[in-house]
Amino acid sequence: MNPLAQETINNTVKSFTEVTSTEPAINPLTGTPENAKDVTQKVSGALNEYSKRGYDGLASPPPRPEVQQVLRNWVVTEIKNWKEYNDFFDSIPNAGLKAAVMKEAAESILRSPNFAANFRGNFGKLMEQSMPDIIAQAKAKSDELAAKITANGEKKTNVTTDRNNQDARIKSFDDGSTGNPKGSKITDLENARDTAAKLESQKNLYEPEVRTRQGILGDAIKAREALAAGDPGIAPADAAIATARANLETAQKKLDDYNEAVTKRDRLQAEVDNFNKNRRAEDQRLTDLNIQLADINAEGITLGNQKTAADIELAGATDKRKALEKEFQDKLTTVTAETVRGHLAQELEDAARYEEALLERKRKEAKDKPSQKVYDAIHGRWREIGTKKGRFLGLGRERQTTVYKDADLARDYKILMENGPRELMRKVLEDAAGFNPGPPPTYTDTELGALIPDMLKNDDFMKDKGQDLALNLLKQRRLSGKRMEEGDVRFMASTPWGMELAKKLITDDGQVDALLQQAKDAKMISSEFTKNDLLRVIGENKGKLTLLAIITMLLTGGITSLAPLAVMATAKTAISSSVGQAALAGGAAFVGGSIAKSFSES
């Protein structure tokens, strides 16, 4: 992944410091308190500068020594926390030397192209995150629920009105047969019936009277029309017409009252009949409305509870966002450590692969089939290959990883420490499954039974292959994260076979050649300094050889970031001997001038 654009960093920093922007924070670049936004901006910028310029590039104009320092501190802290392997540092004789060694180890990691590439990837993933707008989301949720509660209330009002109206309607048609009060519709119908019945007895009187009154009014109008203008009889004629019209209206009113009573009676009767006809549907509608109202009430309770929860969430949204912002800000200071852990884990895998390659080379160089089968037995005796995902931010593709067989390592280590390489070799030879691995077997059981005693009698075979077996056991046990106890090391150093193992490792391991050449190129040792000089140091110092001289050399097979510590420890061991300066020449070759100076002063 390429270094990030400044705009990307600015946007991410703004997003992850919105709530915490003014809170106090310690700037790791200066050790001084500042506000969180400024610290986040400066740390992000510093890490991006490392992504762009590399560790050594930070020393170029404009120089950023404070960035180099904080990166080294983070890496050193992570190395110290690498509990399975930090015994590198436990054995360094004084604080000044230890600090110098750790600084060199940290710078070795920070200069590594693989580490830098992995760092850019992890840092890029971190900076390309986006902060969800928790506060706005929580408010939107609360507002949405408030609107739903309002709508629920309106719906409840409408349905309640409909339900009460339907209940009142049903009650208005109750005839009282079940003991309930008679409804208003029934009472109105009964009253209309009574009124119509009373008026019906006078119907025959009303109709003739209307006809009579109509005739009188007609005669009065004709008489008035017959009078000439100015006739003194006009006034009495008009009075007669008015009287006749009034009497007609009175008679018509009586007839209309009867007709209206009948109409009302018939209308009410039709309503009652229609209600009774649809009584089941009327009752069902009331039931449905009651159910609907119950559902609305239940929905209202649910919405109320949800609104309460949403309001609590809204109240806590600021704290939640603050926590996420803090988490992001913390990751800025741990992304380097996370990358270191992955880098060191990969170097362990590289070390395991180096040992596999070394073993395969020895197998190919072996001229006899028994020797080849010994290397086959070593190959799968203490480890197997598995897969593992990357850890940072929960991302990363699967990669191969070595899975060590702890029980088998412990068993064979016990045999080695108690009885030496020859007895360990005997165990492998007698273990037909381990010595004769894989289908199809190279030998039949009969052939193997006859071959093993001959091998056990062959001192050269047992010594040479036993040393290979023992060295591989010690390497794999160490790579699995197990430390050797000081007592075990002192015991090995006091035995001929322990000294021979150290010498064989120096003689056979191509990594030692590479380290010596590195020292020569840096002009830290004479171009004549060879493996024999290291062998001489060990030989002359054999009475005082400690664990570090053996273990750290064993680990130079692939942990390239920490490989210089191996020779440093070897030289430190020899310091107490009469050949200390010779060891110093060899040790300083691998650790750089600052460490050599500290070493010389120790």
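L71 touches L47, Y50, L58, L110 and T336, leaving aside residues up to four places away in sequence. L71 is also one of the residues that touch the most other members of the largest nonpolar core, along with L47, Y50, M127 and L332. The model is predicted.

**Nonpolar cores**

- The largest nonpolar core has 78 residues.
- Helix 11, residues 279-365, supplies the largest share of this core, with ten residues.
- In soluble globular proteins, nonpolar side chains tend to be buried together.

**Helix 8 and helix 10**

- Helix 8 covers residues 184-200 and helix 10 covers residues 234-277; the two pack at an angle of about 145 degrees, and their axes are 8 Å apart.
- The crossing of helix 8 past helix 10 is left-handed.
- On the helix 8 side, the contact is made by K185, I186, D188, L189, A192, R193, T195, A196, L199 and E200.
- On the helix 10 side, the residues in contact are D257, Y258, A261, V262, K264, R265, L268, Q269, E271 and V272.
- Sorted by class, this contact has ten nonpolar, eight charged and two polar residues.

- Strand 1 (residues 24-27) and strand 2 (residues 32-35) run antiparallel and are joined by four bridges.
- P24 has N35 of strand 2 as its bridge partner.
- Four residues lie between the strands of this hairpin, in which G31 takes a positive phi near 75 degrees.

Key. Residues numbered from 1 in each chain as written. Predicted model: local features only at pLDDT ≥ 70, side-chain atom pairs only at ≥ 80, totals over all residues. Heavy atoms only, no water. Pairing = 2+ DSSP bridges. Core = buried A, V, L, I, M, F, W, Y, C linked by side-chain atoms within 4.5 Å. Buried < 20%, exposed > 50% of the residue type's maximum accessible area, 1.4 Å probe, protein only. Contact = heavy atoms within 4.5 Å. Axes fitted to C-alpha atoms, helices over the stretch in contact; angles between N-to-C directions. Left-handed = near helix turned anticlockwise from the far one by under 90°. Nonpolar A, V, L, I, M, F, W, Y, C, P; charged D, E, K, R; others polar.
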